[in-house]
Amino acid sequence: MSTESDRQVLNSILNPNLPLGEGVFDPEQEGADVVEENAQVVPQEVKDVELEGMMTAENGNIDGAIQIFTQIIEENKNYASAYNNRAQAYRLKADTNRALGDLEAALRLSGGKGKVAARAFCQRGMINRKFGHDDSAIEDFKAAADLGSAFAKSMLVEMNPYAAMCNAMLKNVFEAMATGSQPQMAMPNVMDSKKSG
């Protein structure tokens, strides 16, 4: 088990663009403050099959996972989690249109509330970001953050243009210091790169 300090240090290494202490992922807190509304009562057997689908995907058999999630959906048409998981598998196959269709179904069936909705908003946000639709991505991450997603909160910090500019300036200062040049000289470089970008 890691401490909060350990997670902050690890986060600063893995996410150098985020300010120290911002967007720290805490696995013990992820989803802890998510209000689970519209929670569906699903038989344990269905959850077991769903877990099998997730493990199948983790083992690299994405097509097999899609088949398993499709089987669950055919037998439980209103089970939002299965749509969300199949969307993840479609994303792994770069089948964006099918992934988006399943994410829309997951959001509709969950009523936009609870853990499934938070995960669906995050996935849709990642797709939007991948294709340069940053405004839509920010909307999705805000919705997921409002539902308690720590990942979405970290993405919002990362996508904040002011934080990005500040981090770029700090990076240039540290690089200038490492090479022995004057840190003040690094600051105009940041602004020049912003103007040309």
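Tutor: A nonpolar core is a set of buried Ala, Val, Leu, Ile, Met, Phe, Trp, Tyr and Cys residues joined through side-chain atoms within 4.5 Å, where buried means under 20% relative accessible area, exposed over 50% and partly exposed in between (1.4 Å probe, protein chains only). This is a predicted model, in which local features need pLDDT of at least 70, side-chain atom pairs count only at pLDDT 80 or more, and totals for chains, interfaces and linings use all residues. Residues are numbered from 1 along each chain as its sequence is written, and side-chain values use heavy atoms, leaving out hydrogens and water.

Student: How many residues does the largest nonpolar core have?

Tutor: Those with the most contacts inside this core are Ile72, Tyr79, Tyr83, Phe121, Phe141 and Ala152. Elements giving two or more residues to the core include α2 (44–58), α3 (62–75) and α5 (96–110), helices being DSSP runs of H or I with at least four residues. The count for the core is 38 residues.

Student: Are α2 and α3 roughly parallel or antiparallel to each other?

Tutor: Their axes, lines fitted to C-alpha atoms over the stretch in contact, lie 7 Å apart at an angle of about 160°. Angles under 35 degrees count as roughly parallel and those over 145 as roughly antiparallel. The two helices α2 and α3 are therefore roughly antiparallel.

Student: Is Leu107 buried or exposed?

Tutor: Leu107 sits in helix α5 and touches Gly112, Ala117, Ala120, Phe121 and Arg124, not counting residues up to four places away in sequence, with contact meaning heavy atoms within 4.5 Å. Because its relative accessibility is 10%, Leu107 counts as buried.

Note on methods:
Axes are lines fitted to C-alpha atoms, for helices over the stretch in contact, and angles run from 0 to 180 degrees between N-to-C directions. Angles under 35 degrees count as roughly parallel, over 145 as roughly antiparallel, 65 to 115 as roughly perpendicular and the rest as oblique.
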